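Keep the structure in view as you read.

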Amino acid sequence: MDNIDCVKKKMEWFIKKSQVPEDPIHSKNTLEWLLKLKPDADDALKIAALGHDIERAIEERKVRREDYNDYDEFKEAHASNSAKIMAEIMKECKISKKIADDVVFLVCHHETGGTRRVDILRDADSISFFHVNLPYYFLRNGIEETKRRCLWGYGKLPDNLKRVVAEFDYQTKELELLVRTCIGQSEQ
C-alpha cells in the first residue's frame, strides 16, 4: 500500500465510525464535487476533500458548537481541529512534507477559502452540504437552525454555484420551501 492509499484508508476508517450519519456520504460527495469543479485536482486537494470534516467523526476530539458564541469561530475551530487530525494521519502514513503541509493548509481554511485551491475545496464542501447533508441536518436541528445554516452556506457560494444548488430537489415540501426561502433572502 502506498502512502496516499494509507491516508485514504485511515480517513475512511475514522469517518465510517462517525456518529453523524451523513459524514461518510459527505466525505465522498465532497470529493465528487471537487472533481467536477477541478477534474485535474492533485492528491493534496483530493485528500483534503475526503478528510476536511474528519474531526466530527472522532467523538472524544470533536469541537462542540455549544462551546462557541460565534458560528464562524466554531467553524474555524472545527477546520483547525480537522487539519490537526489530518496531520497526525499523514505523519503515520509517511506522506511527504510538501503534500502534508498542503493538505493541512487546505483543511484549515476549507470553511473560509482565501486562495484559488482553498476556494475550490470550500465550494465543493458547500455544494455537498446542500446536496447530501441538508436533509439530515434539518431532522437534527429543526427549521430555524437549518435556515441559519442554509443562509450561511449559500452566501459563501459564487453565483454560478448558487445556480447549481438552486436546482437541487428535496424530498419534503417543508425542506424544499425552507431552501427556496433562503435562496430568495440571499438574493435580495
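Start with the contacts in the protein chain, where a contact means heavy atoms within 4.5 Å. Of those with a separation of 6 or more, 68% join residues 24 or more positions apart. The model is predicted: local features need pLDDT of at least 70 and side-chain atom pairs pLDDT 80 or more, while totals for chains, interfaces and linings use all residues. Residues are numbered from 1 along each chain as its sequence is written, and side-chain values use heavy atoms, with hydrogens and water left out.

Now the fold. The protein chain has eight helices and zero strands. Both are DSSP runs, numbered from the N terminus: helices are H or I with at least four residues, strands are E with at least two. The radius of gyration, taken over C-alpha atoms, is 16 Å, close to the 16 Å that the globule rule gives for 188 residues, so the chain is as compact as a globular protein of that length. That rule is 2.2 Å times the number of residues to the power 0.38. Along its principal axes, the C-alpha trace spans about 50 × 35 × 30 Å.

Next, burial. Of the 188 residues, 48% count as buried, meaning under 20% relative accessible area with a 1.4 Å probe, protein chains only.

Where is space left? Rolling a probe the size of a water molecule over the atoms shows this. The search uses a 1 Å grid over the protein atoms alone; a pocket is an open set of points with protein on both sides within 12 Å along at least five of seven lines, a cavity is a set where a 1.4 Å probe fits but cannot get out, and lining residues have an atom within 4 Å of a point. Points are joined across faces, edges and corners, and a volume is the space filled by probe spheres set on them.

The largest pocket holds about 510 Å³. Its lining has 24 residues, with Arg-56, Arg-65, Phe-74, Tyr-137 and Arg-140 nearest the centre. Helix α6 (116-156) and helix α4 (71-92) each supply at least two lining residues. The largest share, eight residues, comes from α6. By type, the lining has 14 charged, six nonpolar and four polar residues.

A search of the whole structure also finds one cavity of 30 Å³ or more. About 50 Å³ of space lies in the largest cavity. Its lining includes Ile-15, Asp-23, His-26 and Leu-50. Helix α2 (residues 23-37) gives the largest share, three residues.

Note on methods: Ala, Val, Leu, Ile, Met, Phe, Trp, Tyr, Cys and Pro count as nonpolar, Asp, Glu, Lys and Arg as charged, and the others, Gly among them, as polar. Buried means under 20% relative accessible area, exposed over 50%, partly exposed in between (1.4 Å probe, protein chains only).
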